[in-house]
Amino acid sequence: MSFDGMATLAAVKEFKDHLTLGKIEKIYQPQPEQLVFIIHTKEGKQKLFISASGNHSAMYLIENTPENPPTPPVFCMVLRKHLSAARITDIIQHENDRIVEILLETVNELGFSVNKKLTVEIMGKHSNVFLIDVATNKIIDSIKHVSIDVNRARQILPGKPYQYPPSQKKTPFMEITQQDIEQFLTGQLQPERSLLSNIQGISPALAQSIASGQDARSCYETLQNMICAATSGHISPVVYLDEAGRPVDFHILPLSVYENSYRALSFDTLSQAAGYYFSNRESSNTIKQKANDLLRIVKTHLDKLQLKMQRLGEDLHKAENAEQYRLYGELLTANLHIAKAGASSVTVISYYDGNPLEIPLDPKLSPAKNAQHYYKKYGKLKTAVKEKKLQISETTREIEYLNSVMSYLEKTSSIEEIELLRRELTEAGFIRYKKTRQEKNKTARPKPYTYRLPSGKTVLVGRNNNENDWLTLKKAAASDIWFHTKDIPGSHAILVLNGQEPSEDELFAAAAIAAYHSKGADSENVPVDYTKVRYVKKPSGAKPGMVIFTHNRTLYVNPKLPE
């Protein structure tokens with residue numbers, strides 16, 4: 001748990017310094033479990049962010065206000081009713097736990113001064129935010145409700161008395177003595193577990209860092225140094241990143257347990273560190289989740305199209321055997337005098353090869369009607385051959401298109417790119433949903449990837465199929481060079497020449513960029529077609545990103561971006 005009791009202590013110190021005696025001006029609820037308070041203080045406007053989300057339980061100061069829904073949720077309206085123009089009188093931490101209480105002074109409907117309390121429990125999936133009447137200690141409302149069906153011991157409903165979460169029978173770290181630590185460590189093979197189970201307000205990582213001391217005295221000194229830093233505000237917040245640059249954890253001071261495993265990123269304040277940690281971690285998780293959602297949709301459509309192709313192939317194979325039915329009809333017509341009514345078959349001599357041929361008959365029909373039936377079946381199958389080939393061609397194009405979208409989704413790195421792909425799939429008819437009024441008026445501005453070659457020339461690469469069309473058909477000049485991997489889904493790449501001639505090194509460098517932005521990015525000797533933009537055309541009715549081209553040549557390159 002990144003936001004442990006020690007981090008909460010430092011956060012309370014930071015909030016006291018910046019928010020005490022501040023006046024609440026605005027309250028927003030950008031997400032169902034998130035709140036933003038705009039507070040007017042002597043230092044100017046401060047923005048306090050509170051989240052009770054299971055994977056983002058925290059509170060810290062922010063600079064940018066998140067986008068808010070057009071209609072505020074009920075809890076937001078309740079907070080506005082009770083806390084608009086309220087003044088913050090104090091901010092305290094409850095028993096070194098992850099519970100922050102913001103004491104507020106405001107006026108009621110009759111103009112009398114009343115005291116309210118905003119209690120924030122930062123406890124993972126059990127996190128919550130309460131508005132409490134101080135005089136009665138009753139819950140006015142909370143961001144999450146818990147009924148008796150969910151928890152018999154602690155109900156969280158408006159009108160119920162507020163109760164602190166059940167005690168875990170631990171000692172708050174401010175009350176710990178050196179003798180306590182000696183007792184915790186005596187005979188323990190895993191000292192960090194003993195500290196964690198006996199001291200309230202420390203996380204597993206902090207317990208490991210404290211337990212890294214040689215004896216109880218050094219462990220106690222480490223703990224006291226952290227407490228002193230948190231209460232005085234002399235902290236050095238750090239965020240630990242893995243090899244891919246993803247946040248792993250953060251704390252108010254460097255933790256020895258992470259020193260050799262992760263890269264440390266230092267910040268000036270706890271709010272800055274917490275904001276960086278949660279925004280980057282949440283962004284990474286959101287990108288992965290949104291990309292997986294779209295990938296699942298694309299894969300479902302691909303599976304359906306593959307099944308359709310299989311069935312179309314079987315139907316085409318049957319239709320291509322239509323000549324047999326023409327032969328049956330022709331020979332039966334010439335031998336009507338031989339066929340008997342009610343017979344299930346008739347054997348005739350084929351005048352094509354002189355061999356006997358048995359023709360199946362429907363006993364319910366006359367020989368003449370059987371002949372007409374075979375002619376009609378032959379006509380339908382001949383028509384079906386043309387129709388099935390058209391359907392196979394259209395299905396093949398749809399499969400190619402979805403494969404290209406899948407290649408973009410596998411390499412996407414931002415929520416914006418995912419939303420552009422979602423919009424593209426919606427416009428192409430693969431996703432159905434009702435657009436909101438805000439979305440109808442939005443026009444996404446193309447922002448292709450831009451690379452500078454060592455020679456100074458620029459290479460532009462589309463981030464999705466719609467951007468590919470814009471880049472190739474509108475942005476690029478007719479004399480620029482267009483690149484695309486041969487028979488492999490990928491982006492359009494444009495080598496901007498500005499009227500100059502490209503060198504061989506520039507062609508290979510641009511081809512390597514095109515290969516990097518394709519499904520062959522992990523391969524070697526990837527074939528890349530290139531030609532002048534004037535020879536690239538878009539067929540009428542073609543899917544986004546689908547073009548035809550002539551006068552092309554092929555280069556074999558290893559995918560690579562310019563240094």
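Predicted model: local features only at pLDDT ≥ 70, side-chain atom pairs only at ≥ 80, totals over all residues.
Start by selecting residues 323-334, which make up helix 8. Helix 8 has twelve residues and runs 17 Å from its first C-alpha to its last, close to the 16 Å expected at 1.5 Å a residue. Now colour Y328, G329, E330, L331 and L332: these are the buried residues of helix 8. What do they pack against? Show strand 15 (345-349), strand 16 (356-360) and helix 9 (367-411), and you have their packing partners.

Stay on helix 8 and bring up the side chains of R326 and E330. They meet in a salt bridge, 2.7 Å from N to O. The two sit four residues apart in helix 8, so about one helical turn separates them. E330 is buried, while R326 is partly exposed, with a relative accessible area of 23%.

R217 counts as exposed at 53% relative accessibility, whereas E221 is partly exposed at 38%.

For the last stop, select K16 and D90, whose side chains form a salt bridge at 3.8 Å, N to O. This pair links distant parts of the chain: K16 belongs to helix 1 (residues 5-19) and D90 to strand 5 (residues 87-93), 74 residues apart. K16 is partly exposed at 35%, and D90 is partly exposed at 25%.

How values were computed
Residues numbered from 1 in each chain as written. Heavy atoms only, no water. Expected span 1.5 Å × (residues − 1). Buried < 20%, exposed > 50% of the residue type's maximum accessible area, 1.4 Å probe, protein only. Contact = heavy atoms within 4.5 Å. Salt bridge = Lys/Arg side-chain N within 4 Å of Asp/Glu carboxyl O.
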